[in-house]
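This briefing covers a predicted model.

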Amino acid sequence: MNDRPDVLVVGAGFAGMYAVHRFRELGLTVRVLEAGGDVGGTWYWNRYPGSRCDVPSLEYSYGFSPELEREWDWPEVFSSQEDILAYANHVADRFDLRRDMQFDTRIVSVNYQEDEDVWRLTSEAGEVFEAPFCVMATGCLSVPNTPRLPGADAFDGLVLHTGLWPHEPVDLTGKRVGIIGTGSSGVQVIPELARQAGHLCVFQRTPVYTVPANRKAMRADVQQEFRENYRSIREMQQRNMGGVSGYRPLRGARAAPSVPGERASRTGILDLDAEQRRAIIAERGVETLLNFPDVYTDPEANEVANALYRDAVREAVRDPETAQKLMPKDYGLGCKRQVLDRDFFETFNRDDVTLVDLRRTPIETLTSDGVMTSDAHYDLDVLVYATGFDAMTGALMRANVRGRNGQALADKWRYGPVAYLGLQMRGFPNLFTVTGPGSPSVLCNMLVAIEQHVNWIGDCIIWLRETSRTHIEPLADSETEWAAHVNEVAEGTMYTAPSCNSWYLGANIPGKARLFMPYVGGYPRYRERCERETASGYPGFETG
Ligand code: NA7
């Protein structure tokens, strides 16, 4: 392990892992500091039953190594957490990444030492690390949000969070289990909990728009075709808004493993009459609602789709009162990240599952043996929080980052994150963020976004060296102009509709500034802007 590396990287998820490989290739020394016990980031922590990726694995995989692409077999089209974590471990072994990684090391302060010109990082255990460059590869969804419910400490049963699920199996057989939250994590874990538990009680605050996930096993011929065409597939990813190639395997003879929500069609839902809409849903399923482009921009089209979605819930759920509770009514499709499920609505047809609508009967307090709402007490042995994350900014805030003159990032970002290209902040020289706010990040295939960012950062550090410079940080104008542009492109989309409250907007965390954080203008446009900076000697930055 290098004592004073060129670059310190915080986080050993897919970003930190690739950073080790890439920076080594560039001749830089690197050390990764990771809070968890091993590699994998999101996939290390989110071990709850049913945890699964919403991007097909042939696309949600590294593109930097043709050998890796050739040797790794994906068992399913959309992979489970276990398979993705196995892949992360394979990559770590294959490229000997752990040699430059230190685990069980939570960084609690990241300070710029102006006089010595280094970043000084301190771990929870008091260990100190220094380097001229620091890369925060801390993930977009890595700080679990646990709401402070009255009486939370009084509950004597087992408490779990989907984002911090135990490594050892949790036996829920015969147990009375309660779960709070029906976002992606809740929707994935609820059917699994229902299968295991004696009784499951779902505490829902906001009904979710969820569509059936692709359950296909990987076909050997499809995987082979990807392997043969990977170079052009990776190029297609670079030209796609969301970093997904949309490549159609089997020589185009059958539909691609599509990502629901990819807006391939040009036909609007308003171009169809009621009969045609019903026919297309009957033929292709409710997920077809996601393919109409006007659903995302035109409130009238959006409401037509929302109404059809509610019809689908009414059909899927036997008990009319439960179905009513499960129908989203206060916000539209396209506001939040699309949720995919396996048997979510069917689960509410089971006799051993109860749905509690927290809008009608809010939680008043937790008790030693359950949850008390405004109209009943629910006896529980286990309470699961599926209550999401302090997204995009949470991990950076928790790391207590301070730049020049001791300025806290928390102060700079009091009214919402301001960063240039989601890569750097003024006042924090030589500190980089991977997939930071203002970059496509979570709106893009994360593996594509990560590789692009790490490559950009590596090239930037090498350029500084080659031009005998030691510092880089954005110009104030670049930062404010980019923040305004990020806002501008998000306006007029369903993402920022007044009815929309999502983690993209920070709206899931009480007191957090409401601001749309990821860049919605598309990965290619964003990438080209980054490439222009590199090609023209970083004109949007101050260097010296
Ligand atoms: P999400 O999508 O933020 O969902 C969190 C859920 O928890 C959502 O249903 C929330 O309801 C609910 N929640 C949060 N706080 C409370 C309180 N205080 N009381 C009741 N219910 C609450 O997180 P996920 O982990 O499911 O998914 C995050 C991302 O991870 C996902 O988009 C994928 O990209 C992977 P609310 O809607 O706020 O009323």
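Val-10 stands opposite Leu-33 in E2. The two strands involved, E1 (residues 7-10) and E2 (residues 30-33), run parallel and are joined by four bridges. They belong to an open sheet of five strands with parallel pairing, in the order E3-E2-E1-E7-E19.

- Helix H13 lies across E1, E7 and E19, and runs at about 160° to E19.

**Nonpolar cores**

- The largest nonpolar core has 138 residues, of which Phe-14, Met-17, Phe-23 and Tyr-62 touch the most other members.
- Helix H13 (residues 446-466) gives the most to this core, contributing eleven residues.
- A second, separate core of 21 residues includes Ile-107, Val-401, Trp-413 and Met-425.
- Leaving aside residues up to four places away in sequence, Met-17 touches Ala-12, Val-39, Gly-40, Tyr-62, Ala-88, Val-91, Ala-92, Leu-97 and Met-101.

**Sheet E8-E17-E9-E10-E13**

- Another open sheet has five strands in the order E8-E17-E9-E10-E13, and its pairing is parallel.
- Its edge strands are E8 (158-161) and E13 (353-357), each of which pairs on one side only.
- From one strand to the next, the twist averages 20°.
- Strand E17 (residues 382-385) pairs with E8 in the parallel sense over four bridges.
- Within that pairing, Val-382 in E17 is the bridge partner of Leu-158.
- Helix H5 (residues 184-196) lies across strand E9 (176-180), strand E10 (199-204), E13 and E17.
- Relative to E9, H5 runs at about 170°.

- Strands E4 (residues 107-113) and E5 (residues 118-123) pair in the antiparallel sense over six bridges.
- In this pair, Asn-111 stands opposite Arg-120 in E5.
- The hairpin of E4 and E5 has four residues between the strands, and Asp-117 takes a positive phi near 65° there.
- E5 also runs antiparallel to strand E6 (residues 128-131), to which four bridges join it.
- Thr-122 stands opposite Val-128 in E6.
- The hairpin of E5 and E6 likewise has four residues between the strands, and Gly-126 takes a positive phi near 95° in it.

**Helix pair H14 and H15**

- The axes of helix H14 (residues 476-490) and helix H15 (residues 523-535) come within 14 Å and cross at roughly 170°.
- Angles over 145 degrees count as roughly antiparallel, and that crossing makes H14 roughly antiparallel to H15.
- On the H14 side the contact has Glu-481, Trp-482, His-485 and Val-489, which meet Arg-525, Tyr-526 and Arg-529 in H15.
- The residues of the contact of H14 with H15 divide into three nonpolar, one polar and three charged.

**Loop residues**

- Thr-138 lies in the loop between strand E7 (133-136) and E8.
- With 17% relative accessibility, Thr-138 counts as buried, because buried means under 20% relative accessible area.
- Not counting residues up to four places away in sequence, Thr-138 touches Val-10, Ala-395 and Leu-396.
- Asp-343 is found in the loop between strand E12 (339-341) and helix H10 (344-347).
- Although Asp-343 is not a glycine, it has a positive phi of about 70°.
- The relative accessible area of Asp-343 is 23%, so this residue is partly exposed.
- Asn-430 lies in the loop between helix H12 (409-412) and E19.
- Asn-430 is not a glycine either, yet has a positive phi of about 65°.
- At 2% relative accessibility, Asn-430 counts as buried.

Note on methods: Residues are numbered from 1 along each chain as its sequence is written. This is a predicted model: local features need pLDDT of at least 70, side-chain atom pairs count only at pLDDT 80 or more; totals for chains, interfaces and linings use all residues. Side-chain values use heavy atoms; hydrogens and water are left out. Axes are lines fitted to C-alpha atoms, for helices over the stretch in contact, and angles run from 0 to 180 degrees between N-to-C directions. Angles under 35 degrees count as roughly parallel, over 145 as roughly antiparallel, 65 to 115 as roughly perpendicular and the rest as oblique. Contact means heavy atoms within 4.5 Å. Ala, Val, Leu, Ile, Met, Phe, Trp, Tyr, Cys and Pro count as nonpolar, Asp, Glu, Lys and Arg as charged, and the others, Gly among them, as polar. A nonpolar core is a set of buried Ala, Val, Leu, Ile, Met, Phe, Trp, Tyr and Cys residues joined through side-chain atoms within 4.5 Å. Buried means under 20% relative accessible area, exposed over 50%, partly exposed in between (1.4 Å probe, protein chains only). Two strands pair if DSSP finds at least two bridges between them.
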